[in-house]
Amino acid sequence: MSIPTELQYTKSHEWVRQEADGSLSVGITHHAQELLGDMVFVENPVLGRMLAAGEECAVVESVKAASDIYAPVAGEVVAVNEAVEASPERINQDPYGAWMFRIRPSGELSGLLDATAYATHLETEAR
Amino acid sequence: MLIFERSSPGRIARAQVPADTAAPDDLPADQLRADPPLLPECSELDVVRHYTGLSRKNFSIDTQFYPLGSCTMKYNPRACNSLAMLPQFLARHPLADADTGQGFLTSLYELQEMLKEVTGMAAVSLAPMAGAQGEFAGVAMIRAYHEARGDAARDEIIIPDAAHGTNPATAIMCGYQVKEIPTDRQGNVDLEALRAAVGPRTAGLMLTNPSTLGVFEKAIVEIQRIVHAAGGLSYYDGANLNAILARVRPGDMGFDVIHMNLHKTFSTPHGGGGPGAGPVGVSERLKPYLPIPYVLSERGFHRWAEEADCPESIGRMSAFGGNMGVLLRAFVYARMLGGEGMRRVAEYASLNAGYLAAELMKAGFELSFPGRRASHEFIVTLKGLKDETGVTAMDFAKRLLDYGFHAPTTYFPLLVPECLLIEPTETESKETLDAFVAAMVAVKREAEDRPEWVKSAPHALPVRRLDDVKAARELDVVWRP
């Protein structure tokens with residue numbers, strides 16, 4: 001199970017990476033893709049959409065289930081990764097490389113977990 | 001091989017050719033097709049061999065133990081089928097007068113009465129044509145009840161996280177918001193969370209009992225009392241009725257509405273997309289809202305109740321009165337068993353589940369709720385095995401097929417990692433259950449000794465692992481030459 005320390009996480013298993021231009025890349029974690037299994041579809045938010053923190057904004061569908069992806073922070077969608085939409089299996093092959101969309105945050109970041117806190121969260125969830 | 005691949009131009013089965021075919025000379029010329037449709041051309045024997053061959057590849061309850069249990073479909077006694085297919089039932093027109101259909105209407109009326117008796121509800125309508133439609137009818141009645149009282153602020157339905165996905169979907173379809181509450185470590189609804197969740201916005205609670213975790217809610221009476229005290233109604237999802245049939249009754253627990261999946265508990269055919277039947281039972285206060293039509297009995301004469309009889313009804317669920325053929329099968333099943341027989345169904349269903357759970361635990365399998373008595377089903381988690389060997393619940397299930405057993409439900413409920421949900425039902429013998437335990441033990445040993453073999457299973461079936469991704473992404477089942 002890999003949980004890179006340079007990323008931040010949500011309890012709903014999205015990862016967030018700070019980019020040089022100030023935007024945030026969002027994807028799903030290694031744990032999330034492992035639980036879901038082989039990905040078959042990815043539906044991203046439209047460019048320019050304003051998202052509230054925690055809003056349902058994308059969908060990933062695997063052979064097992066369709067799952068909503070929640071906006072980790074509030075902000076505007078400034079990029080979507082069409083390569084992942086065309087080849088959803090990239091999420092399974094390289095979950096931390098396969099970003100889904102980028103947000104330009106509209107305020108301060110809050111409520112995100114660091115790698116240690118996310119690892120603890122996974123343990124609690126597994127009970 | 002597809003039947004199309006057996007086709008040979010000009011080959012025909014003369015005996016099946018209609019004696020006279022109507023010429024479509026009254027259709028507009030531009031609506032007629034120019035080319036004949038692409039159909040296979042085969043002899044009678046080709047067709048017989050093709051479909052017999054396919055049927056032999058089938059993995060079904062007629063050929064193998066099927067631990068998906070009532071979740072998918074119980075064994076359907078043959079008599080249910082043959083009696084429901086009496087020509088007097090089959091040839092009856094759905095709009096025929098009640099005068100000429102007293103046998104048929106009496107059968108449905110008696111089924112309503114038996115379902116009332118076995119669930120303890122005040123009234124039953126057979127109209128919903130599937131479990132999902134029954135759920136919709138149930139929550140629509142809850143909505144109608146609150147609206148009739150002018151209690152419009154109630155916009156939330158409370159649903160435990162162990163629920164089937166259909167419960168939140170139903171609540172949303174009926175215009176409600178879903179409030180999820182957690183499950184405690186013993187598999188019960190978290191009572192503190194429930195107390196905190198109810199309030200003036202609570203329209204109702206949807207609860208499955210025994211829950212999808214295979215355990216009976218210990219505080220069931222308290223749960224529905226909390227909901228009632230807050231002014232909400234309580235909905236009993238009858239998905240797991242097989243465990244409690246004629247033993248305890250949702251009506252006696254104080255529930256306001258229940259839907260019953262007849263294929264799960266009353267042994268009607270299911271799978272392959274239906275047809276289904278999802279009757280609803282209600283308490284006295286929801287009676288006016290029952291979906292129509294249902295059968296009324298007036299001094300021994302039976303007829304459909306329509307709008308004029310029940311103006312507050314939530315309305316019709318379908319063009320006619322439900323899936324009649326399915327309802328008749330359930331009627332025969334209930335009549336054959338009687339009250340005493342139904343009680344034995346629940347007893348043997350739980351005894352078989354309890355026995356399997358105990359034997360598997362003895363053999364070293366990890367149960368999700370080892371401290372709880374199994375209802376009619378129980379959960380084994382293979383998390384430990386997966387961490388140790390890399391063999392997943394799916395690999396394990398595939399290998400069971402090689403041993404001649406249908407796989408149990410895998411990866412449901414979602415709350416338990418790497419799980420198998422095992423439900424033997426009441427119809428299996430001890431010998432079959434013992435053979436299943438032996439197969440489970442053998443696969444577990446293989447997973448430990450030679451995991452690659454289990455991960456690449458099945459080895460003995462006509463098809464190996466299917467390409468799930470391709471099937472989902474490139475779903476195209478049209479044959480082309």
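I count two residues as in contact if their C-beta atoms, placed from the backbone, lie within 7 Å. The model is a predicted one, and I read every value below as computed from it.

Contacts in chain A: taking those between residues at least 6 apart in sequence, I find that 63% join residues at least 24 apart.

Fold of chain A: I looked up its secondary structure and noted four helices and nine strands, which, read along the sequence, follow the pattern β-β-β-α-β-β-β-β-β-α-α-β-α. The radius of gyration of chain A is 13 Å, close to the 14 Å that the globule rule gives for 127 residues, so I record chain A as being as compact as a globular protein of that length. Its C-alpha trace spans about 35 × 30 × 25 Å along the principal axes, and buried residues make up 35% of the 127 residues in the chain.

Helix H5 of chain B: I checked residues 131-148, where 18 residues at 1.5 Å a residue should span 26 Å, and the end C-alpha atoms are 25 Å apart, which agrees. I also noted that H5(B) is mostly covered, with 13 of its 18 residues buried, and that the helix is followed by B:Gly150, whose phi is positive, near 70°.

Between the chains: how many residues of chain A are in contact with chain B? I find five residues of chain A in contact with six residues of chain B, and by class the side of chain A that touches chain B has three nonpolar, no polar and two charged residues.

Terms used
Residues are numbered from 1 along each chain as its sequence is written. Chains are lettered from A and ligands numbered from 1 in the order in which they are written. This is a predicted model: local features need pLDDT of at least 70, side-chain atom pairs count only at pLDDT 80 or more; totals for chains, interfaces and linings use all residues. Helices (H or I, at least four residues) and strands (E, at least two) are DSSP runs, numbered from the N terminus. The radius of gyration is taken over C-alpha atoms; the globule rule is 2.2 Å times the number of residues to the power 0.38. A residue is buried if 20 or more other C-beta atoms lie within 10 Å of its own, exposed if 12 or fewer, and partly exposed in between; C-beta atoms are placed from the backbone. The expected span of a helix is 1.5 Å times one less than its number of residues. Ala, Val, Leu, Ile, Met, Phe, Trp, Tyr, Cys and Pro count as nonpolar, Asp, Glu, Lys and Arg as charged, and the others, Gly among them, as polar.
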